[in-house]
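Student: Could you take one residue and its surroundings and walk me through that part closely?

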Amino acid sequence: MNELEKRLFRVLLVCLLCAGVIACGARQDPMEKIKDLEFTVIAEDKLPDELSVMIEEKKASPFKITFQDQGFLYICVGYGEQETAGYSIAVNALYETANAVYIDTNLIGPGPEEKGKLTPTYPYIVVKTENVNKSVVFD
C-alpha cells in the first residue's frame, strides 16, 4: 500500500466512524418521554357503563386495565381490598414515549383517624386522557 492509499484508507475509516457515532446518537430511546399527557380523574358515577362493570368485577384484587371510548383512553389502577377507609391514590406521572404511554401511581395510606375503623374499601383510580393508540405501561 502506497502513501496515498494509506491516507485514503484513514480518511475513509474516520468517515465511517463518524457516521456510526452520528447514527447511534440519532436513535431515540423508546423509554424517553416525548411529552406529559393531560388527564382528568374520573368519578365513579361518570364512568362509561361497560368500564364500571369491569371495575366492579375486578376491584377485590389489585388490577390494571385500560379502556377506549369515543377517542379517549381510560387508565384504571386498583389496589384491591383494604381493611379501612381513608386511602387515596396519587398519579406521579403520565407521559407518552415513542412506543407507549407510561403511568405511575401509588397508594397513600389513611390518616390515624381512619386506622381504627375496620371497614373494607376498594381504592382505585381512573384517569381519562387522549387516546394516542399506544400500549400502556404501568409502573
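Tutor: Leaving out residues up to four places away in sequence, Thr-119 touches Gln-82, Glu-83, Thr-84 and Ala-85, where contact means heavy atoms within 4.5 Å. Bear in mind that this is a predicted model, where local features need pLDDT of at least 70, side-chain atom pairs count only at pLDDT 80 or more, and totals for chains, interfaces and linings use all residues. Residues are numbered from 1 along each chain as its sequence is written, and side-chain values use heavy atoms, with hydrogens and water left out.

Gly-86 sits 33 residues from Thr-119 in sequence, yet their C-alpha atoms are 10.0 Å apart. Thr-119 itself belongs to the loop between helix 3 (112–115) and strand 7 (124–130); helices (H or I, at least four residues) and strands (E, at least two) are DSSP runs, numbered from the N terminus. Its relative accessibility is 44%, so Thr-119 counts as partly exposed, the class between buried (under 20% relative accessible area) and exposed (over 50%), with a 1.4 Å probe and protein chains only.

Follow the chain out of that loop and you reach strand 7, which has a place in an open sheet of four strands, ordered 2-7-4-3 with antiparallel pairing. Two strands pair if DSSP finds at least two bridges between them. Strand 2 (40–41) and strand 3 (62–69) are at the edges with a single partner strand each, so one side of each has no neighbour in the sheet. For strand 3, eight bridges join it to strand 4, running antiparallel, and Lys-64 stands opposite Val-77 in strand 4.
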